[in-house]
Amino acid sequence: MNILVLNSGSSSVKYQLIDPASGEVLMAGVKEELAAGSGHKSAIAIVLEEANAFDIAAVGHRVVHGGDSFHDATLIDDTVIQAIEEWIPLAPLHNPHNLAGINAVTEALPDVPQVAVFDTAFHARMPRRAYTYGLDHEVAQAHRIRRYGFHGTSHQYVANRAAEFLQRPLNELRIVSLHLGNGASACAIELGHSTDTSMGMTPLEGLVMGTRAGDVDAGVLLHLLRQDGYDSERLDALLNKDSGLKGLTGISNDLRDIETQAGEGNDRARMGINVFVHRIRKYIGAYAAVMGGVDAVVITGGIGENSAAMRRRILQRLGFLGLLFDEDRNHDTCLSAEVPVARISSDASRVQVLAVKTNEELMIAKQTAEVAKKLVAVETTKSIPIAVSARHLHLDKKTFAILFGEGAEPTYYKDLSQPGQYACEEKVNLIGPRNRIDGVRLLGPLRSKNQVEISRTDEYFLGVDAPVRNSGQVEDSAPIVIKGPCGQVQLTEGLICARRHIHMHPDDANAFGVKDKDEVEVAITGGPRDLIFGDVLVRVNPGYRLEMHIDTDEGNAAELSRGAGGDLVYVGVNDATACLRIKQTRCE
C-alpha cells in the first residue's frame with residue numbers, strides 16, 4: 001500500500017510517496033513558488049504525474065488545526081472539510097492552504113480516499129485542567145478559547161520510537177518530548193497520551209522559538225496596545241516574526257549563526273541561548289511534576305537532532321530527577337535513517353535520555369493507511385453489552401488480613417459478569433482529606449496489588465487527585481486510607497479512576513478486527529442519550545466475556561446509570577449497547 005503524503009503551504013507543496021509498512025520513501029520533493037489561484041492544483045498535478053508509475057492507495061494531508069473537532073486521523077468528506085474551514089480563524093496561515101491541497105486532490109483523484117492528519121489531534125484529549133485557561137468561562141466558551149497544542153504528529157512518532165528502543169510498552173512510560181526547531185514545543189506524554197503541551201490555542205505559547213516569543217505576560221501586550229503605533233497587526237508581526245531567538249539576539253532565527261556569534265563574544269547571542277535553554281529546562285521540570293515522575297526525555301527536531309552543544313546545555317544538572325547525562329554518547333551521536341535513535345544518558349541514569357530523528361511524514365502515512373484499511377475491513381453488526389461499575393477495591397492478602405483479621409478469607413457474595421470474578425460480603429470505608437465514603441465493596445479473588453477504583457465525583461468528594469489508569473497500573477497513583485472492622489491501612493499508592501475499557505474474548509476481537517491494547521472509539525446507542533466515548537481500551541483474554549465497563553460518572557453522562565451506588569459493583573444496562581467506530585490506534 002503506497003500513501004501519498006502532502007503538506008500544502010502558502011508558497012509550496014511538500015510531498016512524499018511512502019510505503020508505510022517498510023517506511024521506504026518511493027519519491028519526495030517540494031513544489032515551490034505556487035502561482036496565484038491555481039497554484040496548488042497545478043503543483044499537485046505535477047506531483048501526480050511524477051507518481052504515475054506507482055499505485056496510490058490513499059492520500060494523507062497534514063492539517064494544522066483541527067481544534068477539538070478531531071481526535072484522530074480522519075477520512076475526509078464534506079463534513080470534515082466544513083469543520084476544517086471552521087478552524088481557519090485560529091490557523092489563517094495554514095488551514096486555507098491545507099484545504100487547497102485537499103480540493104486539488106479531490107479533483108484529480110476523486111476515487112482515492114483522502115485522510116486528514118491534524119497537528120492538534122494528539123493533544124485533543126488532554127485533561128481539562130491542562131487545556132483550560134484561567135479566563136471567564138463564558139468568554140472562553142463563546143470564542144473557543146482553550147489550549148489545543150501542536151507538533152502532535154512529531155511528539156506521537158518519537159514517543160513510539162522511544163518505547164520501541166527501550167523495549168517497554170508506551171502505555172507504561174512517562175515521557176517528556178522536546179521538539180526543538182524553528183518552531184519548538186514540549187509535551188508531557190503519560191502512559192501513551194498527551195497530558196500537557198507547551199503550545200496553546202496557537203503555536204505562539206510555550207518555548208522560545210526561532211521567531212516566536214513563546215510565553216509572554218498578557219499584560220505586556222496590553223501595555224504595547226496602549227502605546228502609539230501598536231495595533232493588533234503590529235503585535236502579530238512582533239510576536240510571530242520578530243521575536244524569539246531572532247528578536248533576542250538581533251542576528252537571525254538560525255541557531256547555528258547565533259552559536260557562532262556567541263563563541264565570538266556577542267552578549268546578546270549568549271543571552272538568547274540562555275533564555276532558550278532556561279525555558280526548556282523549566283518545562284522539563286514542570287512536566288515531571290505534572291506526571292508524578294519521568295521515565296524518559298526524548299529530544300528531536302532540527303536543533304534536538306543535530307546540536308550536541310544545545311543538548312548538553314539543556315540536559316545538564318538534572319540529576320535531581322534521576323537524569324544523568326553522558327557527554328561522550330552525546331558528542332558521538334549522529335542520527336540518520338539507519339540510526340534514528342541514540343541513547344545519550346549514562347548507564348547509571350534512572351531517566352533515559354534519547355535523541356530521536358522525527359519522521360512526521362511516515363507517521364502521517366501510517367495513520368492514513370490505518371484509516372484506509374478500515375474502509376475495506378469486514379463490517380460487524382455485533383453490539384457490546386455495557387456495565388456501569390461503581391466504586392470498589394481489590395486487596396492483596398497482607399492488607400486484607402490487617403483490615404479483616406488474621407486468618408480471615410473473603411466471603412463470596414455473588415458472581416460478576418467476568419468469569420472467575422465475584423463480589424465479596426466484605427466492605428471497607430475510604431477516608432480522604434475532606435470526606436469519607438463508607439461501604440465500599442471488595443472484589444475477589446485477592447490480588448497481588450492493592451487497587452481502589454473510584455469515579456471523578458468520588459475523587460472530589462474525598463479531596464484526592466486520583467489519576468486515570470488502566471487496571472493494574474497503580475505505580476505513583478494516589479494515596480488513600482482504608483478502614484476495615486479490624487484495622488486501618490494507609491496506602492501510599494493504589495487509588496485510581498479506572499479507564500473505560502472493553503473485555504473481549506479472542507473470538508470477539510477477531511469479529512471486530514481489533515487486538516489486545518488497541519484503543520477505539522465507542523458509540524453508545526439505544527439509551528436515553530447517544531454518546532461517543534474515545535480512548536476506550538480493548539482488553540483481550542480467553543477468560544473474558546464481551547462487555548464494556550464504564551464508571552458511574554460516565555454512565556450518568558449517557559443517562560445509563562440505574563443508581564448503582566456503593567453497594568452494587570457492576571450494573572448491567574438494559575436497551576443501550578455499544579458499537580465500535582472506525583477509529584483505532586495501538587498503545588504498546
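Predicted model: local features only at pLDDT ≥ 70, side-chain atom pairs only at ≥ 80, totals over all residues.
Biologist: Let's start with the open sheet of 6 strands: what order do they come in?
Modeller: The pairing in this open sheet is mixed. Its edge strands are strand 9 (193-197) and strand 11 (341-343), each pairing on one side only. From one strand to the next, the twist averages 25 degrees. Reading across, the order is 9-8-7-10-12-11.

Biologist: Which residue in strand 8 is the bridge partner of Leu-180?
Modeller: Strand 7 and strand 8 are joined by 7 bridges. They pair in the antiparallel sense. For Leu-180, the bridge partner in strand 8 is Ala-184.

Biologist: And helix 6, which packs on the sheet: what angle does its direction make with that of strand 12?
Modeller: Helix 6 covers residues 152-166 and touches strand 7, strand 8, strand 10, strand 11 and strand 12. Its direction and that of strand 12 make an angle of about 125 degrees.

Biologist: Now the largest nonpolar core: which element gives it the largest share?
Modeller: This core has 43 residues, and Leu-178, Leu-180, Ile-314 and Leu-315 touch the most other members. Elements giving two or more residues include strand 7 (174-180), helix 10 (255-263) and helix 13 (308-315). The largest share is 10 residues, and it comes from helix 11.

Biologist: How many residues are in the second, separate core?
Modeller: That one includes Phe-122, Tyr-157, Leu-166 and Leu-362. It is separate, and its residue count is 31.

Biologist: Back to Leu-178: leaving aside neighbours within four places in sequence, which isoleucines is it in contact with?
Modeller: Its contacts include Ser-185, Ala-186, Val-297, Val-298 and Thr-300. The isoleucines among its contacts are Ile-280, Ile-284, Ile-299 and Ile-314.

Biologist: Over to strand 25: which of its residues point the other way from Glu-547, His-549 and Asp-551?
Modeller: In a regular strand, side chains alternate between the two faces of the sheet. Glu-547, His-549 and Asp-551 point one way. Pointing the other way are Met-548 and Ile-550.

Biologist: Does strand 22 run parallel or antiparallel to strand 25?
Modeller: Strands of a sheet can pair in either sense, through backbone hydrogen bonds. Strand 13 (residues 386-389) is joined to strand 25 by 4 bridges and runs parallel, with His-549 as the partner of Ala-387. Strand 22 (residues 501-504) has 3 bridges to strand 25, and there Ile-502 partners Met-548. Strand 22 and strand 25 run antiparallel.

Terms used:
Residues numbered from 1 in each chain as written. Heavy atoms only, no water. Core = buried A, V, L, I, M, F, W, Y, C linked by side-chain atoms within 4.5 Å. Buried < 20%, exposed > 50% of the residue type's maximum accessible area, 1.4 Å probe, protein only. Contact = heavy atoms within 4.5 Å. Pairing = 2+ DSSP bridges. Axes fitted to C-alpha atoms, helices over the stretch in contact; angles between N-to-C directions.
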